[in-house]
Amino acid sequence: GRRVLEVLARAEGPLTVAEIVGGTGLHANTVRSHLALLVEMGRVEVVPENRTRPGRPRLLYRAVEAAEPTDPYR
């Protein structure tokens, strides 16, 4: 998942799965599984594509700034 996150962090805006595949060289299914985990972890967010034409918008992904980890034992 690190390569996927690095590609997203370097991007100027949200990316499609195909663009992430191009940036990582990973298979699309591998990218999708990494994205699902990264979204669940709060490191990546899903953004619907802005569309002016009919049809379902593609899902785009962007990195989320990592918050400082909280230490419950402080």
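**Notes on the predicted chain**

1. Residues 24 or more positions apart make up 34% of the protein chain's contacts with a separation of 6 or more, a contact being heavy atoms within 4.5 Å. This is a predicted model, where local features need pLDDT of at least 70, side-chain atom pairs count only at pLDDT 80 or more, and totals for chains, interfaces and linings use all residues. Residues are numbered from 1 along each chain as its sequence is written, and side-chain values use heavy atoms, with hydrogens and water left out.

2. On layout, the protein chain has three helices and two strands, in the order α-α-α-β-β along the sequence. These are DSSP runs numbered from the N terminus: helices are H or I with at least four residues, strands E with at least two.

3. As for burial, 23% of the 74 residues in the protein chain count as buried. Buried means under 20% relative accessible area, exposed over 50%, and partly exposed in between (1.4 Å probe, protein chains only).

4. Have a look at Glu 49, in the loop between S1 and strand S2 (59-63). Glu 49 is buried, at 13% relative accessible area. Its side chain makes a polar contact of 3.3 Å with that of Arg 51; the term means a pair of N or O atoms within 3.5 Å, where within protein one must be able to donate a hydrogen and the other to accept it, and residues adjacent in sequence count only if both atoms are side-chain atoms. Setting aside neighbours within four places in sequence, Glu 49 touches Pro 57, Arg 58 and Leu 60.

5. Then there's Val 46, in strand S1 (residues 44-48). Val 46 is partly exposed, with 36% relative accessible area.
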